[in-house]
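Take a walk through this multi-chain assembly. Keep the sequence beside the coordinates as you read.

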Amino acid sequence: MLGAGSKAGLVPLHVWLPRAHPAAPSHVSALMSGVMTKVAIYAFIRIVFALVGPAAWWWGLVVLVLGGITAVLGVLYALMEDDIKTILAYSTIENIGLIFVGLGLALAFKADGMMLAAALALTAALFHAFNHMLFKSTLFFGAGAIQHATGTRDLAQLGGLIHRMKISAVPMLIAAMAIAALPPLNGFASEWLLLQAILLSPALPQFGLKLAVPAIGALVALAAAFAAACFVRLFGIAYLGKPRSQAAEAAPETDAASRSAMIGLAALCVIAGLLPGLVIDLFAPVSDNLLGVRVPTQSGLPWLTIMPVTASRSSYDPLLIALFVTISACLAFLSLRRFGSRIIRSTPAWGCGYQEFGPQAQTRLSQYTPSGFAQPIRRVFAASVFRAHDLVTIPPPGDAAPARFTSSWTDPAWATLYTPLISALDWTADRMNRLQFLTIRRYLAFVFAALVVLLVWVALWR
Amino acid sequence: MRKTLIENLFRGKLTEPPPPVADGEIADLVSTLARTTQQRLGRSLAIRALDAGSCNGCELEMIALGNAYYDLERFGLKFVASPRHADVLMITGPITIAMREALRLTDEAMSAPKFVIALGDCACTGGLFANSPACIGAAAQVIKVDLHIPGCPPDPITILKALIGFTDSLKHPAAGRA
Amino acid sequence: MMVNSRTWQAAASDLATGRSIFVALWAEAQDDGCIIHLAGRPQGSGEVRLLSLAAPDRLFPSIAQHHPAASLMERALCDVHGLTAEASPDPRPWLDHSTPYLFKPVTGDGVHQIPVGPVHAGIIEPGHFRFSVNGETIIRLEVRLGYTHKATLGLMRGHMIDHAAQLAGRISGDSTVAYAFAFARAVEQALGIKAPPRATALRGIMAELERLANHFGDIGAICNDGGFPLMNVLTAALRERVLRLAATCFGHRLMMDRIIPGGVTTDLTAAHAKLVLTTLTDLRGQWARLFELYEKTASLQDRVVTSGWLDPMIAQRLGCGGYVGRASGQDFDARRDACYPPYDTLAITVPHLTAGDVDARLRIRMAELEQSVTVIRTLLATMPPGALCTPLPDPANLTTIERNDARVGHALIEGFRGDIFAHVRVHRGRIEDVMLRDPSWFFWPALEAAIEGNIVADFPLCNKSFNPSYSGCDL
Amino acid sequence: MALITPLLLQLVQMALVLAIAPLLAGLVRVLKARLQRRAGPPLLQFYRDLAKLIIKDAIVATGTSWIYRAAPYVIFAASWVSASLVPSFGTNLLFSWSGDLIVIVALLGTARFCQMLAALDLGTAFGGLGASREAMFASLAEPAMLMIVFTVALIAGSSQLSVIATFMHSGAAGLRLSLGLGLVALVIVALAETGRFPVDNPATHLELTMVHEAMVLDYTGRHLALLDLAHALKLTLYMSLIACIFVPFGMAGPGAAPASLALGLLAYLGKLVLGAVLLAIFETAIAKMRVFRVPNFIGAALMLGLLGTLLLFVSATL
């Protein structure tokens, strides 16, 4: 577990990964993120499901908790980084977390003899691993293309690349939407399966699991939402808007080979997203082999829908949804063409009527920087987790000195691994201090914790 | 709070009946009409206020249009934040040199069909500032104006009358042109 | 008093130490160069003193190098008169928009800018705000004005008094009564005449009605920018009632051109006086309920308390008057401290707080509403009979000596924002030199300082609580 | 043949939400005006505004890409489809199984993703401002919504809205603590997601406080019409969702007679009016929050949703 976990990048054994992956050339990083981490997952599955024999339920719990924490922390890290490849590497950590949540669930179900549910969770994990391989490789190729074209991986230097890297921007957008778990793409399909598996877990008998699984569900949801923010930031800042540097202004399109590689992978993302039934069936032999059960065959269902358990529980038909959205959009387009104005004019974006000229007339100054975009999330979430904080110094009226801004954050894993004692002391002091200034959210968290304690006590007493 | 809300519901509206606009009353204020053949803008006009150097008096009365007594919204008229969303550019002030470019940019940012209204003496004629070296004077000197609303500042009833007459003339171009 | 450069510098360091408060700085073009005037008043007093310095080669020692409150005015007068302030800490142009403008420096990673204005989203005067930010964190705010520069003072110079009075009433439309009042008093002092007692009482009533209307508008607008439109709707209705009252009694909603040098143009009939009293009683009952609503709406209180804190030290240093100064511990009110009629016979208490936040500025306004009603009631109760206007001396009938003698006068009047300073020099019935200084000159730098520690989304709320005039500064 | 009526009903559902969305948004505006002692805009003003916007010329900012032009269509289509997937007058419509509640939430996520990209495409400060605030709010609102889905799905044994509505209607759910928590949480999420008080001000005129408005500040004409309509559809969606889960009374079942369908429609309209009244009162009575209070507000929804789910994990009867 330790070995596989550190190879795959589970928190807190992740610290090497975001340093190693970006260091390699892009196609190698793609391979490292897409395939190497999966080898670790393969090893983990092999050992835990096949070799070790019947597992105890608490193994599942441990894997679940680690997976959930890894997912959220991974993507929060990604949100604070400006280097594209580091962002992608941290996002790999997040996805590994999600996969481990699936595996943990499968372990727990298996330990309790709920084989069908275990098969669903395992399938979800495998499906997600497969999807991650597709979109993460695309993204790393894209990152490589950007680095090659502009000589930088720093988001703060990019912008407007969609105008010059017209073709490679499209697979990049698809991959970004897929990894942000948006329907009808493949990332959503596997996360949907994972959520369906979580919905089956109240039937688990152990109290520990009963309490942990909903919280893990919330972590998974949080990770998915952060991932959306993270990839809006990545794509929106690198490809959209105006160039933030000379290099970004003159970036050439990437070569045909990597373009076609990206397009191929992105097409697979779309296909796996629209026809998830096919992929699920692909993984059926695995669960058959490991658990002796398989999820119902999907490919025969009408309208190519997927139904993991029964029709009355849940179903999802990405093909139909995509069709509906396309038809609606076309309908809107056609009726506007028929009844509305067809004229389209182009003028500069509304700048409040300010006429800027001279040396400061660089409109790119008024564009959001990547760190500015993430600042609200940093302030809300990372302030407690990463001790992120901003420092502003404004000189008094009449003082010509520049106003200063510094922002800093620390990785709690480094801190806890290397200075555990200081960290703990600091944390306690901080908490004690903060008790006086509780927010609604914190109060609720306390009420919630009290309730949990109460319930555990009731359960044990019984 | 509860008391205020319940009272507001049951004490009835403060809004006064719309001022009557006689036929042709505003005709002499309207200088151009129907720039386009599209006449459907009628009672849905979004207004972008533009202060081109006024003393803030006209702005105060413009803001008053939104209060419960006049309630501009009931006529389908509203002030909007972005010129992109606007159909009417309502100019106040004697067009200072510093605001000339801003006026041009705002006009450029609006999509057709659009109209221009000059509100207050300064925007209509330059007012007391017509001879100022820092001002251009009447709005009509820099942009085609469709409606003039004079006054220093015009009171809300006057503005309301002119706006109602103007929107109606958009629906029935003949009446407005009379 | 004409002084030499050394006395000038000494006066500037007096301002810097806080012994005296900066009032205004302006220049007067002469055939040979310029004369620079500096007005100041001793701390805690309303008695303005003038220093004048000849600048034959269009150079003068900068006041701003000693005292930052003078910076904006210094830049403006340099633009208008082509002067150079020696050793100025900030020589950038202010009213002149024809050259590129460099904003103050900001350092740090990931900093970007949010340019807002001159065309704002709401119905507001034009001005440009440049925020240097990182996400929501404001690192610096810089205000750039000059968009409503109409050369108003220049237009007044050389014109007859009555024409200049009209222009004075249009320096800032929301303070038209206060400006007309200040201008009239300055002219009256210069000409050595006095307005009749009935006129001064009416001036007082108009000034207080203007204060009521504007404070209602401001209180509502602050709450609106704090995200509570209900309050705005209710106070806007009250404001409308005051304006209608003004229209009924004085013939103009904003009471423009009602105060003229020498007196007033309209009388208040007994019936109208009664109407004023009944309306005020009714309004008072309504706003008491509104303030209760303000205080009991926790979600609104959460927005206004601690937002936009202005350090009393900075307020003092900049010489902020009005509700801005009084909310940050400054105990100054021209009605009490400059003691001009009709307030010389009234006991004016000056409410002041030290909290310095948006809430404090709002509460000062609320306290002033009460006070205005008391003032109006007292003035109505003791309204003297008599003439409305003292005629101005006809320049044709003056003796030769009087005719050749240009005379100066100045006044400090409390408008709704704060103390308005007026200075004129009259010669043969014409205005030779004039300065009208809005309290907003000191609100702008105070706003730039008060924004520290606030986020971008709270700026409109802070700004509205200062409500500085744009037109009043872009002279 | 047997397919025609269900198909027709499905189409009626799609047309209904589209037709009713502007009316609902207009109704809230009128009610708010009445609470402020104003007459307010005419009830049908929203339609007039849309009709006007459509005939106006479109302007796109220079330097934007195809994403900026395509986004309004995608946002509108995704909002429309997801709004149509929420049962209104009847359950078990023809395509009701094509997506469960999770899919509906995620589809709105797609719309939001496109909205944020379009805002960033502008390359202006306001676009970035709106997008970064939206990203912060969404990163809490989406998980909160999923927790609500969990709560409801665990009670009804399904994440399909039709099944949930039928189950809730049957009375088998009874009065549960978890359901109450879910309702409060859902109301909070709905307010946040539809850009209402106290999270965003739908009528704000201040650039610096805007969230949704900042992202659409540069759209004109038909593009703006689509975005406004999508925004109204989202409001309808959340109101229908609350109605469908918590007050599913009067909804027509599968294969219902025309009379019960009509009854279902009436009941639906009644619920929307009630929702509009409550929303108007709430929005009038409360001030907008500071931006960094909003995470606490939505975070409360997340915690409530989590608590609801947890209760159900611990005991199926809570």
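This is a predicted model: local features need pLDDT of at least 70, side-chain atom pairs count only at pLDDT 80 or more; totals for chains, interfaces and linings use all residues.

Residues are numbered from 1 along each chain as its sequence is written, chains are lettered from A and ligands numbered from 1 in the order in which they are written, and side-chain values use heavy atoms, with hydrogens and water left out.

Start with chain A. Its secondary structure comes to 17 helices and three strands. Helices (H or I, at least four residues) and strands (E, at least two) are DSSP runs, numbered from the N terminus. Chain A has 462 residues, and 55% of them are buried. Buried means under 20% relative accessible area, exposed means over 50%, and partly exposed lies in between (1.4 Å probe, protein chains only). Now take the contacts in chain A between residues at least 6 apart in sequence: 77% of them join residues at least 24 apart. Contact means heavy atoms within 4.5 Å.

Next come two interfaces of chain A. With chain D, 89 residues of chain A and 86 residues of chain D take part in the contact. The two chains bury about 7700 Å² between them, with 77% of it on carbon and sulfur atoms. Buried area is the accessible area (1.4 Å probe) that two parts lose on being put together, summed over both. With chain B, the area buried is about 750 Å², and carbon and sulfur atoms give 52% of it. Here the contact takes nine residues from chain A and twelve residues from chain B. How many salt bridges link chain A to chain B? The count is zero. Between chain D and chain A the count is zero as well.

The largest nonpolar core has 462 residues, and C:Ile114 and C:Phe183 touch the most other members. A nonpolar core is a set of buried Ala, Val, Leu, Ile, Met, Phe, Trp, Tyr and Cys residues joined through side-chain atoms within 4.5 Å. Leave aside the neighbours of C:Ile114 within four places in sequence. Its contacts then include A:Tyr368, C:Phe129, C:Val456 and D:Leu208. Another core lies apart, with 28 residues, among them B:Leu65 and B:Leu170.

Turn to the strands of chain C. Three of them form an open sheet in the order E8-E9-E10, with antiparallel pairing. Two strands pair if DSSP finds at least two bridges between them. E8 (112-116) and E10 (137-144) are the edge strands, each pairing on one side only. The twist averages 20 degrees from one strand to the next. Five bridges join E8(C) to E9(C), residues 128-134. C:Pro115 stands opposite C:Arg130 in E9(C). Helix H14 (residues 370-385) of chain A packs on this sheet and touches E8, E9 and E10 of chain C. Its direction makes about 70 degrees with that of E9(C). Axes are lines fitted to C-alpha atoms, for helices over the stretch in contact, and angles run from 0 to 180 degrees between N-to-C directions.

Strand E2 (residues 20-29) pairs antiparallel with strand E3 (residues 34-42) over nine bridges. Nine of the ten residues of E2(C) are buried. C:Trp26 has C:His37 as its bridge partner in E3(C). Four residues sit between the strands, and C:Gly33 takes a positive phi near 85 degrees.

Last, the charged pairs. Over all chains the structure holds 52 salt bridges. A salt bridge is a side-chain nitrogen of Lys or Arg within 4 Å of a carboxyl oxygen of Asp or Glu. A:Asp83 forms one with A:Arg153, with the closest N and O atoms 2.9 Å apart. The partners are 70 residues apart, each in a loop between helices of chain A. A:Asp83 counts as buried because its relative accessibility is 18%, whereas A:Arg153, at 21%, is partly exposed.

In chain D, D:Glu283 pairs with D:Lys32, with the closest N and O atoms 3.3 Å apart. D:Glu283 is buried at 1% relative accessibility, and D:Lys32 is buried at 15%.
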